[in-house]
Amino acid sequence: MKTLSIDIRQAEPQDADAIAYVHDRAWRGAYAGMIPHRALNAMIGRRGPKWWAHAIRRSATVLVLEISGEIVGYATLGRNRARQLPQQGEIYELYLSPEYQGIGLGRRLFAAAREMLAGHGFKGLIVWALEENAGALSFYAGAGGRDIAEGVEVFDQKALRKIAFAWD
Ligand SMILES: CC(C)(COP(=O)(O)OP(=O)(O)OC[C@H]1O[C@@H](n2cnc3c(N)ncnc32)[C@H](O)[C@@H]1OP(=O)(O)O)[C@@H](O)C(=O)NCCC(=O)NCCS
């Protein structure tokens, strides 16, 4: 039997290609048919390897999840951007390659991101998810998140509702 090693660590600039690849596939998997095609393509196009290398260098905290040395997921986190909410931390993004979803890896990556935010001294955290992203909503509710706020994000004139989940 083959043993798979799972590792979660901070990203380094040389991970940029692999993260851009995961980002591309995970976003298409999650949002095709929900976010208009042109807007989705443009968002993915902006987030190529150069964008990621820059994000990693300029201290945005990026975590990667590796299976036997292959990056199959990432999370980005930092200070909560919504000033009206009291939670200090935020997980901006948490994405896995489609073929690695549903086997407990998201739960692990979420726990690591949460631990890192606490380690930075942030009290509480929030995560935003699009309301139509039923999988993400179940995931965050199942992880104990409380649905505390709503908002709207507009993509190419299509307005999509989003929900904030919070942990204290
Ligand atoms: C959302 C995501 C991070 C969850 O990670 P995951 O590894 O697939 O989830 P896990 O296997 O760790 O599951 C943890 C729990 O969430 C639930 N869950 C996860 N995905 C789900 C889905 N699509 N539908 C319903 N429940 C889901 C699981 O049932 C599980 O609960 P259980 O143990 O009680 O059965 C991952 O599926 C993903 O990257 N999805 C696409 C991108 C995305 O939507 N990201 C979030 C953007 S805000």
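**Exercise 1. Aromatic pairs**

Determine how many aromatic pairs the predicted model holds, and classify the pair formed by Phe139 and Tyr140.

Solution. 
Step 1. Applying the ring-centre cut-off of 6.5 Å, the count for this predicted model comes to 12 aromatic pairs.
Step 2. For Phe139 and Tyr140, the ring centres are 5.1 Å apart and the planes meet at 70 degrees. Planes over 60 degrees apart count as edge-to-face, so the pair of Phe139 and Tyr140 is edge-to-face.
Step 3. Tyr140 also pairs with Trp167: the centres are 6.1 Å apart and the planes stand at 75 degrees, so this pair is edge-to-face.
Step 4. The pair of Tyr140 and Trp167 links distant parts of the chain, since Tyr140 belongs to helix H5 (residues 134-142) and Trp167 to strand E7, 27 residues apart.
Step 5. Phe139, at 27% relative accessibility, is partly exposed. Tyr140 has a relative accessible area of 6% and is buried. Trp167 is buried as well.
Step 6. Elsewhere, ring pairs join Trp27, Tyr31, Trp51, Trp52, Tyr74 and Tyr95 into a cluster.

**Exercise 2. The surroundings of Glu93**

State whether Glu93 is buried or exposed, and find which residues Glu93 touches.

Solution. 
Step 1. Locate the residue: Glu93 is part of strand E4 (residues 89-96).
Step 2. The relative accessible area of Glu93 is 10%. Buried means under 20%, so Glu93 is buried.
Step 3. Leaving out residues up to four places away in sequence, Glu93 touches His23, Trp27, Arg47, Trp52, Tyr74, Ala75 and Thr76. Trp27, Trp52 and Tyr74 are also members of the ring cluster.
Step 4. Look for a polar partner: the side chains of Glu93 and Arg47 are joined by a polar contact of 2.4 Å.
Step 5. Arg47 lies over the face of Trp51, at 4.0 Å from the ring centre.

**Exercise 3. Strand E7 and its partners**

Identify which strands pair with E7, and explain why E7 counts as largely enclosed.

Solution. 
Step 1. Strand E5 (residues 125-130) runs antiparallel to E7, and 6 bridges join them. Within this pairing, Leu130 stands opposite Lys162.
Step 2. Strand E6 (residues 146-155) is also antiparallel to E7, with 9 bridges. Here Glu150 has Ile163 as its bridge partner.
Step 3. E6 and E7 form a hairpin with 2 residues between the strands, where Asp156 takes a positive phi near 50 degrees.
Step 4. Of the 10 residues of E7 (residues 158-167), 7 are buried, so the strand is largely enclosed by the rest of the structure.

How values were computed
Residues are numbered from 1 along each chain as its sequence is written. This is a predicted model: local features need pLDDT of at least 70, side-chain atom pairs count only at pLDDT 80 or more; totals for chains, interfaces and linings use all residues. Side-chain values use heavy atoms; hydrogens and water are left out. Helices (H or I, at least four residues) and strands (E, at least two) are DSSP runs, numbered from the N terminus. Buried means under 20% relative accessible area, exposed over 50%, partly exposed in between (1.4 Å probe, protein chains only). A polar contact is a pair of N or O atoms within 3.5 Å; within protein, one must be able to donate a hydrogen and the other to accept it, and residues adjacent in sequence count only if both atoms are side-chain atoms. Contact means heavy atoms within 4.5 Å. Two strands pair if DSSP finds at least two bridges between them. Rings of Phe, Tyr and Trp (its six-membered ring) pair if their centres lie within 6.5 Å; planes under 30 degrees apart count as stacked, over 60 as edge-to-face and the rest as tilted. A charge sits over a ring if NZ of Lys or CZ of Arg is within 6 Å of the ring centre and within 35 degrees of the ring normal.
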